[in-house]
Amino acid sequence: MALEYFPALRHFLRRVCWFSQSPPSRPAIPLRLNLSFCTNCLLSSKSTSPISKVLKPRATSKENYTFFLNKDERFAEPVGAVHDLCRVQNTSTIAAIVTSLGGPPGAVGIVRLSGPSAVDIASRVFRPTRKRKKITWQPISHVVEHGMVLDTDGNVIDEVLVVPMLAPRSYTREDVIELQCHGSEVCLRRVLRTCLEAGARLAEPGEFTLRAFLNGRLDLSQAENVGRLITAKSVAAADAALAGIQGGFSSLVRSLRIQCIELLTEIEARLDFDDEMPPLDLNLLMDKIHTMSQEVQDALETANYDKLLQSGLQIAIVGRPNVGKSSLLNAWCKSERAIVTEIAGTTRDVIEASVTINGIPITLLDTAGIRDTDDIVEKIGVERSEAVAMGADLIIMTVSAVEGWTLEDTKLLERIQYNKRSVGSSTPAILVINKTDCAPGTEIGWTKVCSNFFSKHVFTCAVTGEGLQELERVVLEIVGLNSIPTGGRKWTVNQRQCEQLVRTKEALERLKASIEEKLPLDFWTIDLRDAALALGQISGEDMSEEVLSNIFSKFCIGK
Amino acid sequence: MAAATLLALNLAGLGRHLCKTLFSTPSSSHAFLKPHLLTFPKQFRCPLSSASTSSRRFCTRSSPPDLDYIGAADEKYDVIVVGGGHAGCEAALAAARLGAKTLLLTLNIDRIAWQPCNPAVGGPAKSQLVHEVDALGGEIGKIADRCYLQKRVLNVSRGPAVHALRAQTDKREYAMQMKKVVESTPNLSIREAMVTDILVGKNDNVEGRAGESASHGLTENLQRFGFETDRLKTGTPARVDIRTVDFSVLEPQHGDEEVGWFSFDPDVHIEREQMCCYLTRTTRRTHQIIRDNLHETPTYGGWVEAKGPRYCPSIEDKIVRFQDKESHQIFLEPEGRHVPELYVQGFSTGLPERLQLPLLRTLPGLENCSMLRPAYAVEYDFLPAYQCARSLMTKKIEGLFFSGQINGTTGYEEAAAQGIISGINAARHSDGKSLVILERESSYVGTLIDDLVTKDLREPYRMLTSRSEHRLLLRSDNADSRLTPLGREVGLIDERRWKLYQEKQARISEEKKRLKSVRVSGEDLAADVMKVSGQPVRDSSTLESLLKKPHIQYGILDKHGFGNSNLSRMEKECVEIDIKYEGFILRQQSQLQQMVSQQHRPLPADLNYYAMTTLSIEAREKLSKVRPQTIGQASRVGGVSPADMTALLIVLETNRRTAQEQKRCQMLNAIRTDVPEEVPEAVSCTETVSSG
């Protein structure tokens with residue numbers, strides 16, 4: 001009972017403090033039929049005596065939820081102090097060096113200011129070359145100006161170009177001033193320090209993007225892509241992130257979600273107004289669901305691509321000595337990375353080389369030829385080869401077309417297979433038959449060898465470079481990227497988006513099953529709604545707690 | 001459909017203040033209520049029997065503000081209910097049963113709970129409302145069960161959540177039954193209070209009165225109080241004389257052989273003889289007459305601007321909107337056992353009276369009919385319900401509750417659902433208790449109220465199944481297990497009902513346990529199940545697993561002697577649904593959970609939406625107007641986009657964090673004042689800052 005009146009007390013106190021002039025009224029506390037109660041009731045048919053459990057907590061449980069009837073709430077004009085809170089996060093003006101530091105100095109570096117007093121701060125540190133009649137500097141949006149940055153004592157620090165981008169036509173939708181300084185770290189830091197001394201605050205990592213998101217310039221998936229664009233390792237990764245910012249993925253998700261909602265509307269309309277509506281065309285419906293499901297699947301496939309774009313792929317080249325592994329590596333990366341001789345066992349250590357296939361960064365690992373040897377150095381090399389083969393994403397086993405499949409090859413294969421089995425991995429492997437130039441017309445009979453262990457086999461000639469394109473194609477096929485159209489879909493899907501896409505796909509599959517099983521119409525809506533919810537989570541249109549906390553953990557808000 | 005209560009304004013809770021003010025020492029704290037008190041007995045209502053035109057307009061007119069009828073005796077009431085329609089009756093009954101001394105003011109005691117439009121209760125979504133009101137301890141379901149002429153379950157093939165019981169009722173008997181109940185309820189007094197007038201539109205013969213009576217009606221008085229009012233339109237079809245209809249050419253529609261019940265109280269489950277409804281269709285000639293005379297209808301003629309319900313369209317709306325449809329179904333429904341009126345369902349029109357008879361006579365079977373009463377369209381005032389909280393108490397005047405058509409709803413069921421909630425809350429309020437709020441997800445009643453107080457109403461509000469997002473959890477069969485415990489706690493469910501309820505739940509749960517444990521193998525049942533479902537049956541399957549197979553119903557267990565004869569038909573249905581659709585139910589529950597944790601988060605009452613520059617202008621305006629109480633409610637406000645919600649959530653979280661930070665700073669400052677001031681940390685510029 002005491003608890004039950006707690007909100008009342010609070011309410012009373014509030015009244016007394018804030019509205020002491022208005023007549024006191026009887027406090028109203030809501031008795032809420034909350035959800036836990038209603039689900040309990042739903043389940044109550046399962047448990048024997050749920051009622052006694054249910055009844056107690058209801059009136060008292062939600063002390064955090066108190067609903068007050070405030071007579072004046074529509075008229076009471078809020079006092080300034082109250083709503084100022086809403087703006088606090090926007091009131092500070094942030095500054096940071098937005099070009100990279102640490103490497104060799106570039107010709108130009110940029111210090112960016114963003115926030116309501118960006119112009120004010122800039123006018124304090126910046127003196128335009130062209131004199132104006134007006135005393136205060138008044139920037140024109142998107143017009144570049146030349147001038148000097150002065151420190152607090154009036155000393156010139158750097159000669160700069162100022163690019164003002166006034167709200168809302170800027171990245172953050174706030175006033176943004178960019179100071180293009182000379183690229184050396186010293187210059188940049190001095191300019192930044194001056195800005196900070198003039199009243200700016202150092203930006204947190206990602207804070208410009210955060211502001212862009214908070215001010216509605218970017219949606220959630222776009223904001224996430226900004227982060228990826230900045231850290232992109234390859235051109236394709238950058239392209240994908242850029243496509244994400246521009247909203248290619250967002251628009252696909254949005255269109256899928258709209259389709260779900262349209263179907264839902266169609267079906268629900270028939271629940272209420274069956275007489276007025278034409279009958280549902282089941283075939284058409286199934287087709288639609290099928291297409292949607294396919295689109296989700298396609299999008300999911302780019303998730304794989306995304307992982308590869310971010311982390312790259314490791315390919316180990318293994319084989320007996322002197323089958324041309326190092327030649328293959330050199331031919332592939334188009335450089336003399338590895339020493340190539342006629343002598344078997346030339347390569348002792350693992351040699352790395354980088355290539356890209358379809359934008360995916362790939363690390364090639366050339367290894368020592370695997371054989372039993374007494375040479376201590378070579379022995380260590382062989383051990384390393386085996387270790388590398390175990391850790392790679394893909395194994396390329398090279399054999400010589402001249403010698404054909406030998407007993408040693410079988411032994412070597414068994415060794416690799418044994419190792420793999422012991423760790424339980426299932427690394428795919430490709431058989432490369434090298435030196436085709438020395439033994440023409442031996443291209444038959446390999447299929448049989450292949451079928452057991454290798455996913456594919458490719459004929460190459462490391463000397464002429466023949467077969468390398470085919471090899472690349474096979475590599476892509478095996479990692480599951482052949483279906484990505486080159487130049488077609490550029491954006492990719494990250495982990496969070498992937499989870500929701502999987503959920504969408506599962507819901508659509510269940511929906512198909514429901515329709516096929518001829519379950520009543522109403523049941524179709526449940527999974528359709530689930531699909532729509534999942535899609536809404538991706539674009540942030542349905543924000544769950546999880547998404548929100550994710551955002552707040554990524555960006556530091558409220559500091 | 002036009003609702004029964006044209007205005008059920010429940011000025012509940014005011015009564016006590018009123019009587020204090022008038023007859024005892026006025027308390028200064030209630031003085032602000034005074035000017036309003038004079039308004040409540042004025043009430044308007046459309047006397048349907050005198051209707052003679054196609055378009056009319058309700059308006060209120062005041063009688064001299066005397067309160068004599070309350071009696072010279074110093075009667076004091078806790079709750080006064082204005083209007084004896086379906087909302088008013090439920091409200092008055094609920095309040096009186098909860099022990100509040102209640103007064104029900106109505107225009108005509110014999111027209112209590114009158115059904116001015118369709119003589120039917122239930123139907124899709126509406127039946128759920130009736131079941132829920134009954135589960136809470138309301139009356140509508142019982143009366144409908146007692147007075148039915150015909151009952152049918154609709155939507156049988158569309159899933160358990162949309163099964164809808166519909167009853168044709170005897171409208172005279174219905175009003176009499178309700179009157180009997182109201183009159184025999186302790187704590188409840190009834191008075192006739194009459195203020196009524198009609199302002200009419202274009203082609204009405206009593207037009208002369210229109211101008212002169214625009215004085216202080218109830219609406220005007222409420223407007224003076226700052227309530228916003230708006231107008232809505234609805235209509236009712238013509239009635240024809242049953243004796244002039246040739247039924248031999250019409251397709252009869254019989255009631256269900258096994259009668260379903262609205263009420264969970266077996267005392268009212270008394271079967272009676274059913275009457276037949278008939279089906280006819282519009283013809284080419286019907287469509288021709290309507291098309292030729294469209295300019296005579298209020299809507300297409302352009303002199304009525306109020307918004308009619310899209311989902312209950314007049315026949316001219318149907319013909320204009322579905323031009324390629326050659327014929328529309330028309331149902332002929334008896335209005336009672338001893339009255340000649342036949343309700344022409346699906347044929348409401350705003351066409352003038354002179355055209356209505358020729359129009360009716362184009363329908364097969366009605367070639368020689370005589371019209372007892374013409375169809376007409378009406379406009380009425382309502383108060384957009386964002387002005388109420390979810391308890392249905394107005395935000396402006398404490399102790400004043402609105403429910404029924406005044407909130408913009410149409411339908412007896414919707415009215416009753418609001419009525420019982422405001423009745424409960426008025427009684428609790430006068431008793432100083434906390435108010436009851438049904439969450440949206442808890443029930444159709446909750447959904448209804450949430451929609452009313454949140455959404456921008458542009459047409460009369462009718463309950464639809466699609467309005468409930470989680471309707472699989474809100475079925476008619478589990479209305480009692482959802483709401484009866486609340487009814488019990490509130491005090492509307494008596495000992496007898498409570499015991500019945502508990503026994504029923506126990507039987508259902510026992511039966512489910514039994515089905516889980518009993519196994520069958522290689523018997524007739526298994527073979528039959530295999531045949532019906534088309535799926536293989538494994539040896540020693542449980543009865544539960546058999547029931548889960550497609551197209552298998554509990555009846556098949558009965559047929560082979562595996563059923564449980566202790567269970568009623570409805571209880572078997574509960575068991576069947578719980579088992580058969582367990583997967584779906586669980587999935588919907590998890591959807592709900594996921595949504596609800598977020599949606600139930602309260603919004604501070606003092607949020608200044610205008611200061612949130614990241615919200616769209618429209619969202620800022622709408623949110624400031626509606627002042628939602630929770631996040632979920634905010635997201636349902638019309639004009640608030642998902643992007644706005646994102647922005648709102650972020651502002652809230654930012655505010656929270658800022659407030660936290662400020663508190664921390666204050667604490668630190670408090671500590672610092674004791675300690676000699678330290679040198680502030682120099683701003684470090686050595687960090688590498690990456691940013692977009």
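Two rings of Phe, Tyr or Trp (its six-membered ring) make an aromatic pair when their centres lie within 6.5 Å. By that count, this predicted model holds 7 aromatic pairs over all chains.

Here are two of them, both from chain B:

| Pair | Centre to centre | Angle between planes | Type |
|---|---|---|---|
| Phe247(B) and Tyr278(B) | 4.3 Å | 35 degrees | tilted |
| Trp498(B) and Tyr501(B) | 5.2 Å | 20 degrees | stacked |

Phe247(B) sits in the loop between strand 11 (239–241) and strand 12 (251–253) of chain B, while Tyr278(B) belongs to strand 13 (residues 277–281), so the pair ties together parts that are 31 residues apart in sequence. Phe247(B) is partly exposed at 22% relative accessibility, and Tyr278(B) is buried at 18%.

Arg112(A) lies over Phe208(A), at 4.9 Å from the ring centre, and Lys151(B) lies over Tyr148(B), at 4.7 Å from the ring centre.

One more lysine deserves a look. Lys325(A), in helix 13 (residues 325–333) of chain A, is buried yet has no salt bridge. How far away is the nearest side chain of opposite charge? That is Asp366(A), at 5.7 Å, beyond the 4 Å cut-off for a salt bridge. Leaving aside neighbours within four places in sequence, Lys325(A) is in contact with residues including Ile317(A), Arg320(A), Asp366(A) and Thr398(A).

How values were computed. Residues numbered from 1 in each chain as written. Chains lettered and ligands numbered in written order. Predicted model: local features only at pLDDT ≥ 70, side-chain atom pairs only at ≥ 80, totals over all residues. Heavy atoms only, no water. Helix = DSSP H or I, 4+ residues; strand = E, 2+ residues; numbered from the N terminus. Buried < 20%, exposed > 50% of the residue type's maximum accessible area, 1.4 Å probe, protein only. Lys, Arg positive; Asp, Glu negative; His and termini not counted. Contact = heavy atoms within 4.5 Å. Phe/Tyr/Trp six-rings, centres within 6.5 Å; stacked < 30°, edge-to-face > 60°. Lys NZ or Arg CZ within 6 Å of the ring centre and 35° of its normal.
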